[in-house]
Structure formats: C-alpha cells, structure tokens
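The entries below are in the order in which I worked.

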Number of protein chains: 4
Amino acid sequence: MGQDKRSGAGPRSRDRILDAAYRQTLEKGLDKLTMEGIAAEVGVGKQTLYRWWPSKGMIALDALVERLSSSQTFPYSGDVAADVTRQMSAVVSQLDSPVGTALRRILAAAQEDPALADRFRRELIGPRVDSLRGRIVRAVDEGQIDAAYSPDFVIRQLYGPLYYQLLVRQEPFAPDDAERIVSSVLRSFRP
Amino acid sequence: MGQDKRSGAGPRSRDRILDAAYRQTLEKGLDKLTMEGIAAEVGVGKQTLYRWWPSKGMIALDALVERLSSSQTFPYSGDVAADVTRQMSAVVSQLDSPVGTALRRILAAAQEDPALADRFRRELIGPRVDSLRGRIVRAVDEGQIDAAYSPDFVIRQLYGPLYYQLLVRQEPFAPDDAERIVSSVLRSFRP
Amino acid sequence: MGQDKRSGAGPRSRDRILDAAYRQTLEKGLDKLTMEGIAAEVGVGKQTLYRWWPSKGMIALDALVERLSSSQTFPYSGDVAADVTRQMSAVVSQLDSPVGTALRRILAAAQEDPALADRFRRELIGPRVDSLRGRIVRAVDEGQIDAAYSPDFVIRQLYGPLYYQLLVRQEPFAPDDAERIVSSVLRSFRP
Amino acid sequence: MGQDKRSGAGPRSRDRILDAAYRQTLEKGLDKLTMEGIAAEVGVGKQTLYRWWPSKGMIALDALVERLSSSQTFPYSGDVAADVTRQMSAVVSQLDSPVGTALRRILAAAQEDPALADRFRRELIGPRVDSLRGRIVRAVDEGQIDAAYSPDFVIRQLYGPLYYQLLVRQEPFAPDDAERIVSSVLRSFRP
DNA sequence: TAATAAACGAGACGGTACGTCTAGTCTTCCG
DNA sequence: CGGAAGACTAGACGTACCGTCTCGTTTATTA
C-alpha cells in the first residue's frame, strides 16, 4: 500500500531536509545543528520546518529513523545465544558507523528534551526491545534461561554494556564484543 | 598553614558560582543553563566566569565533582560480591538522587563536547574505575573471578546496566538492583 | 498611490527608533547613546537596528536629517547680502536649538568615523552648500561680488565663523551675528 | 628655575605614556584609544593612569599640549596683516600635520566631555586667542582696524574658516590659504 | 641603616555594551 | 493559496574596556 512515510504527510522537501539534518548532525554535532542552517542549506523557509517538526532534535530523530536498519523479526534458530549474538553483532556494527554517532548524539539530546526522549524510546528502543523480549521469553519457555529473572532484567544486562561503551567510553567496540557479552550474560542466567 | 582553597586558586566567588550552576542545572537542564544566568544570580561579571572556566559544561562538571561522594578506598571484606554490591548500592542511590540527574545531563553534554568528555572521564569515571579494577584484580588473584576475563570487561558488564537504566530508560532503580546485578554478573565470571 | 515611506524601505519602527535615538542623543550625548539603549526603549531587537544601520552614528544622523529644515531654494531678492543674511539667520537659530546640539555631536562623531563624515557632508552640508553656491555665483554674475574669489572661498568665510562658535566656543550666537558676519564678509568681496 | 613640567609632578613613565597615547591617537583615533591599550603598551598598571589622569581624553590632550609649538609672543612688525598672516601660516602648517589630526580628534572628543572642553579652551585656545587679541587691539589703536568691531569678532572671522576646513571639509589647506583669508578679512575691517 | 610610606606592575573584579547568532513567530509576495 | 523569503522580538553568546580594588614589589624618604 503506497502510503505516506508517516501520517500527516510532510513537506515536499522532506527527504532533502532529513538528508541535510543528518549530514549536519554528523559534521557538527546536534547542538551546532540549527533550524536556520537546515533551512538555508535546503533552500526552504524556516516556517516550513516549524510546521512539521517541533524541534531540531525531532528532525534529527526522523533522519535517524529512516537510516536505522529495521529487521523487524528477531532470528530464531533454537539457540538463544546464537540468535542474540547475531542480532547484537548487527547492532554493534551499526553503533560503530556514523549511524552510531547520530544515535549517540540524539540520545544525548533526549536527556534534556522529554518529548524527544519519548519518541526515541517509543520508536527506536521500544520495538527492538519488544522483539528481543519475545525471543527471551521463548528461551525461558524452552528452559534455556532461568525463569527467575524477568526478561527486561536480562535485556538490561545484555545491552547495558553497549551503551556504556558508546556513551561513557566513547570508543569503538572490539570485534567479538557482542559474542563475549552474550555468552557471559546468558551463562549467568542458565537455569 | 594558610593554604588556598584549592591548588591553582580560582575565582573569589567559586562556591557561590558552583552552587548556582548546580541548582540551575537541576532546575532547567544544562542547555537552559546560561553563563549570563549564572553571572546574574551570583552577582558576578561574565568575564569572571570565562576567566576560570571555558564553558558552562565545565562549571557544571566542577559543581558535580564537589557534590559526588568520593570514598577513595574500595571496600575489602574478602567477599568480592559483597564488596562490589556495597559500593554499587552507594552509586545507585546517588544516581537516584539529584546528583544523578546532574550527572546524566553532564554526560549528555559530554557527547557534544570532547573537552568535557575528557575531564568527565578523567576526573569522575577514571578514579572510580581504577579503584574498582583494583578490587577485581585482587578477586582474580584470590580465585574468586576467572582470570580469563579482563577486569575492564567485568567492569563494563557490572556498570553498563546502570547507564542503560539512567540514560535510556530514564527511570529510577529498583531497591535491590545493585545486588541482583552484581550477583548475576559475578556468577558468570566464576572460575 | 501606496508608496513606501522612503525608497529602500526600512524597519517597521523606523520613526520610533529615530525619535528615541534623537532624544537620547540630546539627553546623554552620542557616546552614551547605545544600540542596546535604543532597542530597549523602542522595544525592538538589536538585530533590527543592525539590519538597517551600520552604527549608532548613522541612526543619529538619520534622526537629525529628518529634523533639519530643508528649504531647498535659496532666497533671491536681488540683494545678495539680504538673501544670505536671511538664510544664515535661519541656520543660526537652528544651531541655537537642540538641533544644533545634535548636529554638533554628530559632527564630532564624524571626526572618528569616515563613513559618517561622508554621509554628513553629502546629505547635510553638500545640498546646502550647493544651494548657497548658486546664489553666490549669481551675485558674481550680477557684479555684486568680485569674480576674483572662488564661491567656495566665500562660503568658507561666511560659514566658518559659525562652526568656530559652535564647536570651539560652544556658546550661543549673538542676536545679530548672522547679519554682522554677512555684511562684514561680503564687504571684503565687493568688486 | 628648574621646576617640574607641571605642578603636582606626575608618574614616572609620563613621557612614555604620552608618547604611546599620542601615537595611538593618530593610528586609531581617539575612541579606539583605550586606557588598557596605553597601559599595555607602556607596561604600566592601569591604576597609574587613573592616578594621574581622569580620562583618556585628558591624556591625549596632555600629549598634544607638549607637541604644539608655543611661540608665546605674537609677532609685531607694524603691519597687522603681515603679522597675522605669518602666525596663521604657522598654525595652518601645523593643522596640516599629524598634530592637526590629533587636535581635530581631541576637539571632537571635547564636544562630549565638558571637562576636556574646558581644558582645551583654557590651555590651547585661550593663550593663543589672548596673544592674537593683543595684536588686534594694538592694530585698532594704530588705526589699522576699525574700532567698531570687537577683537573677538575679528578673531572669529579670521580663524573660523580654519576650523571649517579642518572639521567640516576635512581637507588640507591650500598653500596660500592663510594669506588670502587674512587679507580678505582684514580688508573688511579697515577703518 | 632600618622603617615606612608612596607609587608602582599586575591583573581580578562587577559591570556595560558590543556585534553576531539562533530561536520561534509573523508578514509579504510570488508561482 | 501554500510556501520561500526573510523581517521581527528576544535574548545568549564570547569579547573588549570601563573604573575600582587588592595584591606584593620597588623606590625614596624619614627616623
């Protein structure tokens, strides 16, 4: 169904706006990104931006959303460690790319902007967590993970180290980080 | 012996400046915090701020540093799980307090300000990590932790979930989070 | 026919800006006059001032221009002494009024600001000198003034004393100064 | 009598201060001249400047005073036109030199600073006018100038054109301007 | 010769204004 | 009649100087 990218349509220059916002976010950072700068680069009136987005953070988020790979179905091979490792490896390699920089900056901006934080969680984190939670629940059902731990606790143990690396260390990941994290964490949740 | 307040001197109104910066950071967030606002509240010329600090982020960081408890020696009771739990519980209760909000906002600002990120890591993260690393190393020596894992990997597994909770979830911690995290993580590193 | 207030348009609050600038120039002098003060009084953003004027001196000059009487045609009665006296008397009475103070201050500022000096000469001095020069030339043609003297030399002799009084003496004029100056000067240029 | 340059002595670096002030006045103009700039160039504390002078204008005036030739006695040859022409020629050649620029700028500053205007008149204008007035009075006594005109009126007629040229025209003088002015003016005052 | 006081350099301080930049709103005018 | 263009009020930015105010340090008497 050839529907719009999002309800409420959008400006004619939507893609060029998001491209410009994304590029400037990577080049200069989110707080050097300005509505004026985007408007000037795209050749669009500022009003057009404000008509469709409430803040530069939201524009950057939209730009990021379109660039984040969205394999909606979590892999299932029967081996939860293998499945989680596969998915986390994909996440890690994205975090090591420009997309990771953009995500890091938007997550930072979200610390000062509740509306942005909401959308960030709802649109980016939520679906991915849901997808993973489903896989964890299934692993619990299959007896691969101890039922004494809530799936969200397991998720936090799994992905917490990634955010620590991204936001606190601000260093790239080691090649086998995903694998080592998953095996270490899941070992501690074996029944 | 009439020594200075701190090595390297500083402005006459240092404490009042840090107080104001800290309070405004909590009230309005770091990007609503302004040099002009601080100067006006304290009754100080802007030049005095710029003479001693390069940016509002650095002021906020100094304010935070003075407010973060700094128990320099890591507890040692023989039981590494107990010791780490004790220390992490203290950290968690700080993260749940206003100090945690300030830290969260400064860490966010550090994503766009490399100099701030440097000082953040060097002065806040570094010493605490070093202290914890010492304790981990000792536990490895005593055979409580498998030597196959680097201490920094263990540290990342232990504290990653805290940053995830703070920055991504933005929700308070559960009462026994520290204990559950530590026991879960350390179990996976048992020799 | 809905023409603009003046060619080249201008800010919406032009008149209120010039009023404020003029009043503050008289009250406090040109170097106590500030862009911020004008903006604050008028309730206008500073950018609006800088968008339309390059400096406070230019604003003050515009304000003065609008307040200087501009009888464009020099009187002609056949008697050059009478005509010049009539016109100079008008000038003198203006110089004795607040307009004279403003002019004195702007002329002073023009000593340090070449662009201001240019406009001052081009818009204020130039047209008036041209008008007077025409009258002098006619008087030369009619044999009332010796052709051996250039009109600009005559003009300098006529109006020099006024500036001396205004800028060096800084004292008001005597009631018949214009008449005495004109008669004295023109006597020396009789053929 | 080996007295000081002026009562109340002065700062140790007086000459270097005046040199710096004079040079900077010529280079950048009086309102780009700053106390800080002088202090920095001379290597003197700001307090030393404020201890001895109330404003930068006063420093510049002192510097100018020391550089203005001060032939205290007006020439007397019996021919008033020749004497005045001789003296005015000297003035004109000074006004065409850097000293003239400095004087022009200080006179401009005096328009906004009554104290400076006072000293300017008292120390620079006053003595020279007194000296000239004496010569005029003598010429009146000798029947070379009509007694119907006050000496100060004559003086204003003589020197007014110079200030007009300096401040309004801001152009150099013609070589024989002094001679032409004097002859023209004195002709009009012949008995 | 020692003390004492003044002038000094240095520069921090509370301020004001600068000229620029961006935010977010409002208006004009063109396609 | 929707959007580009951009003027508008507002206010923070970081800098430059203002004039005042300590700080030690010379420098020059005066005791």
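**Ground rules.** I noted that this is a predicted model in which local features need pLDDT of at least 70 and side-chain atom pairs count only at pLDDT 80 or more, while totals for chains, interfaces and linings use all residues. Residues are numbered from 1 along each chain as its sequence is written, chains are lettered from A and ligands numbered from 1 in the order in which they are written, and side-chain values use heavy atoms, with hydrogens and water left out.

**Chain A.** I looked up the secondary structure of chain A and found 9 helices and 0 strands, where helices (H or I, at least four residues) and strands (E, at least two) are DSSP runs numbered from the N terminus. The C-alpha trace of chain A spans about 60 × 40 × 25 Å along its principal axes.

**Annotated stretch.** UniProt, in an unreviewed entry, lists residues 34-53 of chain A as "DNA-binding region", and I keep in mind that such annotations may be inferred rather than shown by experiment. Over residues 34-53, chain A is 75% helix and 0% strand, with the end C-alpha atoms 13 Å apart.

**Helix 1 and helix 2.** I then checked how helix 1 (residues 14-28) and helix 2 (residues 35-42) of chain A meet: their axes come within 9 Å and cross at roughly 125 degrees, the axes being lines fitted to C-alpha atoms over the stretch in contact, with angles from 0 to 180 degrees between N-to-C directions. The two helices of chain A are therefore oblique to each other (under 35 degrees is roughly parallel, over 145 roughly antiparallel, 65 to 115 roughly perpendicular, and the rest oblique). The contact (heavy atoms within 4.5 Å) involves, among others, Ile17(A), Ala20(A) and Gln24(A) of helix 1 and Ile38(A) and Val42(A) of helix 2.

**Chain A with chain B.** I found 39 residues from chain A and 39 residues from chain B in the contact. The two chains bury about 3600 Å² between them, 49% of it on carbon and sulfur atoms; buried area is the accessible area (1.4 Å probe) that two parts lose on being put together, summed over both. In chain A, Gln111(A), Glu112(A) and Arg156(A) lose the most area to chain B, together 21% of what that side buries.

**Other chain pairs.** Chain C and chain D bury about 3600 Å², of which carbon and sulfur atoms give 49%. I found no contact between chain A and chain C, whose closest C-alpha atoms lie 15 Å apart.
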